[in-house]
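Have the view ready and follow along.

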There are 2 protein chains.
Amino acid sequence: MNLNFKIMSLNFCFIGAGNLATHLSKAFKNRGFEISQVYSRTELSAKELAATLSVNYVTSADEIDSNADIFFVALKDSAVDEVLSQINFGNKLVVHCSGSLPLSKLEKYSENIGVFYPLQTFSKSRDVNFKEIPVFIESNSAKNVEVLLQIAHEISDSVSIIDSDRRKTLHISAVFACNFVNYFYSVAADILKSKDIPFDVLKPLIRETAEKVQEMHPEKAQTGPAVRFDESIISAHLNELNEFPDYLKLYNSISKSIFEHYKK
Amino acid sequence: MNLNFKIMSLNFCFIGAGNLATHLSKAFKNRGFEISQVYSRTELSAKELAATLSVNYVTSADEIDSNADIFFVALKDSAVDEVLSQINFGNKLVVHCSGSLPLSKLEKYSENIGVFYPLQTFSKSRDVNFKEIPVFIESNSAKNVEVLLQIAHEISDSVSIIDSDRRKTLHISAVFACNFVNYFYSVAADILKSKDIPFDVLKPLIRETAEKVQEMHPEKAQTGPAVRFDESIISAHLNELNEFPDYLKLYNSISKSIFEHYKK
């Protein structure tokens with residue numbers, strides 16, 4: 001009880017005000033945690049998130065208030081060093097939220113470091129139920145792991161400990177299962193648009209494709225011309241895609257990959 | 001009322017007993033239509049579907065009973081001619097269920113021909129709600145269009161008329177939005193397996209990715225390293241994919257395609 005009380009009294013500074021920072025800080029705030037400050041170089045983002053959370057914001061890294069208990073770093077990976085090198089964290093707990101960066105990236109900034117990686121696709125305009133989002137934790141000490149686990153359990157029903165190497169693998173798999181998948185929704189929309197067919201017609205198919213693999217392994221759920229080796233359809237489709245040379249190349253290489261995969 | 005009565009008294013023969021034939025014939029049967037017979041060269045499939053529908057089955061095309069009112073052809077595209085050329089349809093209505101085959105494919109088999117294309121991914125082991133599945137109709141006469149529309153409206157809330165050319169475009173877009181998407185779920189599962197991470201961790205992400213585009217256009221929903229031009233992540237991922245040369249190639253070409261698409 002006492003530990004829980006201590007956990008809930010911690011206050012967080014958010015370094016970054018993008019999609020992930022927005023959803024994560026809101027989930028913390030809604031659970032009753034105190035957010036002390038928001039930083040972003042992009043004033044509009046900083047201002048917007050700060051207003052949502054009713055806290056102050058800064059746009060220069062050297063104005064970040066070092067009194068926060070935990071610093072959540074939710075920046076583009078390539079911006080992390082540039083921003084963090086301007087901040088004196090003392091030995092406060094500094095936590096990044098990236099799928100790809102190793103924990104060791106933070107070693108030069110504090111003795112207390114960690115990772116808090118929520119595996120989800122976030123867009124500012126769309127609400128998510130954080131309870132259902134798997135959160136992956138890593139830290140350099142048992143005590144910090146314990147703190148991060150407790151914080152994570154307050155906002156998510158699915159919390160695991162994972163090391164940097166496996167988290168990177170997780171992130172790569174998520175690029176396929178989410179970013180590339182969404183791009184293909186976009187490709188489909190583009191192809192339909194060329195014949196004035198509304199994207200809406202695909203929505204039940206998209207939903208069912210995702211729902212199927214909640215129950216079946218995707219290997220078993222595979223349908224379509226490539227897995228049936230239906231060359232006449234494949235060549236007719238390639239023919240039709242002449243006006244989209246980039247999509248034609250993708251269609252060809254993915255069909256081949258499916259074919260090779262399933263003929264095993 | 002009278003027309004509806006006539007519609008409901010029609011009986012259907014199913015040529016094919018695969019995933020699509022199974023779900024479509026069951027939807028008709030559940031709605032009260034009479035299925036007169038099932039044909040498949042694969043005895044196991046024919047027997048299984050016939051048992052589900054409580055009808056007889058045949059495995060030779062020359063045993064198909066030509067007394068049915070409508071023949072639904074749900075075969076692999078490349079098998080259509082081989083099977084249909086063995087059947088005397090008189091001038092009964094012959095309807096195929098393919099996304100890719102043109103209506104004209106059926107011209108040599110009957111004077112009354114049509115297309116009945118439900119846009120969904122079907123697996124025998126998974127139930128679907130046919131009411132939500134968009135059905136696309138085409139025929140060579142206004143009367144046949146009317147019959148097919150009425151039948152389609154009995155089992156689906158979303159029925160449209162579409163010509164062969166646009167239906168092919170629809171099918172290509174569905175290959176991207178479903179078949180290729182599912183393959184990427186499978187790729188993600190494979191990558192996770194190499195580090196003993198269960199596929200389950202991706203399920204909320206997969207679901208949210210599909211739910212997002214029910215409301216937002218996929219172009220707006222795009223997230224991830226490729227759209228952020230985050231080269232350090234992309235090269236780290238490519239490095240990690242060395243043990244999966246095929247997936248590495250896909251990762252590379254799709255990231256490039258996303259990059260080109262969004263930099264416009």
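**Where the two chains meet**

About 8800 Å² is buried between chain A and chain B, with carbon and sulfur atoms giving 63% of that area. Please keep in mind that this is a predicted model. The size of an interface is often given as the accessible area lost when the parts come together. Counted by residues, 91 of chain A are in contact with 91 of chain B.

Which elements of chain A supply at least two residues each to the side that touches chain B? They are β7 (134-139), α6 (164-193), α7 (203-215), α8 (218-221), α9 (231-240) and α10 (245-263). Of these, α6(A) gives the most, with 27 residues. Sorted by class, this side of chain A has 45 nonpolar, 25 polar and 21 charged residues.

Now for the loops. Most residues other than glycine have a negative phi. Ser54(A), however, has a positive phi, near 55°. You will find Ser54(A) in the loop between α3 (43-53) and β3 (56-58) of chain A, where this serine is exposed, with a relative accessible area of 61%.

In chain B, Asp196(B) also has a positive phi, of about 55°, although it is not a glycine. Asp196(B) sits in the loop between α6 (164-193) and α7 (203-215) of chain B, and is exposed, with a relative accessible area of 67%.

Note on methods:
Residues numbered from 1 in each chain as written. Chains lettered and ligands numbered in written order. Predicted model: local features only at pLDDT ≥ 70, side-chain atom pairs only at ≥ 80, totals over all residues. Heavy atoms only, no water. Contact = heavy atoms within 4.5 Å. Buried area = accessible area lost by both parts, 1.4 Å probe. Helix = DSSP H or I, 4+ residues; strand = E, 2+ residues; numbered from the N terminus. Nonpolar A, V, L, I, M, F, W, Y, C, P; charged D, E, K, R; others polar. Buried < 20%, exposed > 50% of the residue type's maximum accessible area, 1.4 Å probe, protein only.
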